Amino acid sequence: MAVKLTNFINGHWQESAASEALDVINPATGEALAATPLCGASEVAAAADAATQAYPAWRRTPPNDRAQFLYKLKALLERDFDDIARTTTLECGKTLAESRGELQRAIENVEVACGVPILLQGYNSEDIAPGIDELMIRQPVGIAAIICPFNFPAMIPMWFLPYALACGNTCIVKPSEKVPMTMQALFRLIEEAGFPKGVVNLVNGSRDAVDAILDHPAIRAVSFVGSTPVARYVYSRATANGKRAQCQGGAKNPIIVLPDADIEMTVRIVADSSFGCAGQRCLASSVAIPVGDAAQEFSAVFAEAARSRVVGSGLDEGVEMGPVISHDSKARIESLIAKAAAEGAEILVDGRSPRISGYEAGSFVGPTVLSGLPAGSEVGATEIFGPVLTIHPVETIDDAIGYVNRAAYGNMACLFTSSGAAARKFRYEAEVGNVGINVGVAAPMAYFPFSGWKDSFFGDLHAQGRHGIEFYTQTKVVVERWPDHWSRKF
Ligand code: NAD
């Protein structure tokens, strides 16, 4: 029987009273690593009470003093870097290099949030009228909740948490029920960093915990990352309950390859984008749009790159791609490949049911390449979230940009070219929030907003950097009159 994980509420690790639990499965081996308690309203309420109690003192703690806790947390994350990365690989399946990469991104967000004394500054105007000044100050929102997906167990919570805390909010984190162990490890470090009790709380669970967060009146801000249907639902319910919300959803990211692109470099970069993290990145490229003469060479070289990718356990040396998150996910991806074939696609490389020696119980899907999927097909519009790239050749760059802009999602689009003019046209016209030029995963650094558009995002202020500071603060404007003649008294 797998060990049931605990919550961290009011500075203490607490057994959950939840009657239901979900096994956390190592996707490479099928082995149960732990069990996630599926908490509900009472545990969310306990966390919200703790956060409410802690809020007045935390809010009054000077920003520079709040940042000191984050500096400590950064040092602890660096101390335990390899252990945390290993935990992420065990529960999530990605390679150790990928786990290290996401943890590095998590740390970078802590670093940026340490700049809170300057990031939090407002602005002012002297003499808006004789003897009258006006100033804008930023104050925290109150209690913030962070709801996370499975694919980046370390990085995604940290797109939000450091900023929320630095701005003076108290927080509740709900990790994905599929990968809760990385957050357990991070919360051990949060405990060690000495944050005052109740300032940061961890509640495990799935839909019931989310609903309880969305309905709890004390929670004022909700940050969510996950699939589009759930993002839309969370945004609607949170905002209907008067909370501010930022909800990042799914994606189906196109990359355009112009005939003047360096094909060898392009294929290497696109293969890393499509098959890195087994295609389970919201910035994975899943549709390649070669233009004109690029189609034949790109398709042939890319298919070879897919065939030669080394698939296996993320812990093993030399492995380039791990398993997908679960057997359910594998079954869903493989049925979408079958459906694409039924809709008329040619399967150039078929990754269904690969044999991975020693890992027969794992959830592996090999790199897959499809071509000729008819326009308007259902699979063409569906986020597969697995190591599958569809090739969709077109005649002109305008056709390619039209394809990008007709799509429902707008998370990322990339262009491969050696033409500055084509790059500028694309950057200008693409209706997506993250653009790559000769880059396959246009992931913004911590000091830029992660800017999904259309069905990839619900809200206005995005994760990370200045957007994070704005999301987690409310502006207050003060208009002050101090008539000159009063100073003559002194
Ligand atoms: P998911 O939507 O299934 O789950 C996300 C969170 O929502 C989890 O914490 C889960 O417990 C909760 N949840 C699930 N169903 C719910 C429901 N019906 N009601 C209330 N809460 C519910 O997503 P996932 O499978 O964990 O993650 C993969 C998805 O996340 C993909 O679609 C991917 O594109 C997306 N994603 C987007 C970004 C981005 O920045 N746009 C980043 C990472 C992942």
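How many residues surround the ligand, and which are the closest? Let me start there, with the reminder that what we are looking at is a predicted model. In this model 27 residues surround the ligand, and the closest are C148, E177, S227, Q248 and E383.

For E383, a polar side-chain atom lies 2.6 Å from an oxygen atom of the ligand, and for K174, a polar side-chain atom lies 2.9 Å from a ligand oxygen. F150 takes part through its backbone, with an N or O atom of that backbone 3.1 Å from an oxygen atom of the ligand.

Let me now step back to the chain, which is divided into domain 1, made of 7-249 together with 456-478, and domain 2, covering 253-437. The C-alpha centres of domain 1 and domain 2 are 31 Å apart, and where the domains meet, 21 residues of domain 1 are in contact with 24 residues of domain 2.

The size of an interface is often given as the accessible area lost when the parts come together. Here domain 1 and domain 2 bury about 1800 Å² between them, and 64% of that area is on carbon and sulfur atoms. Of the area that domain 1 buries against domain 2, P27, A28 and S456 supply 27%, which is more than any other three residues.

On the side of domain 1 that touches domain 2, the elements giving two or more residues are α3 (81-92) and α4 (96-113), and the largest share, five residues, comes from α3. By type, the residues on that side of domain 1 divide into eight nonpolar, eight polar and five charged.

Side chains of opposite charge can pair when their charged atoms come close. Because R100 lies in helix α4 and D82 in helix α3, the pair ties together parts that are 18 residues apart in sequence.

Technical notes
Residues numbered from 1 in each chain as written. Predicted model: local features only at pLDDT ≥ 70, side-chain atom pairs only at ≥ 80, totals over all residues. Heavy atoms only, no water. Domains from an automatic or database assignment. Contact = heavy atoms within 4.5 Å. Buried area = accessible area lost by both parts, 1.4 Å probe. Helix = DSSP H or I, 4+ residues; strand = E, 2+ residues; numbered from the N terminus. Nonpolar A, V, L, I, M, F, W, Y, C, P; charged D, E, K, R; others polar. Near = heavy atom within 4 Å. Polar contact = N/O pair within 3.5 Å; in protein donor to acceptor, adjacent residues only side chain to side chain.
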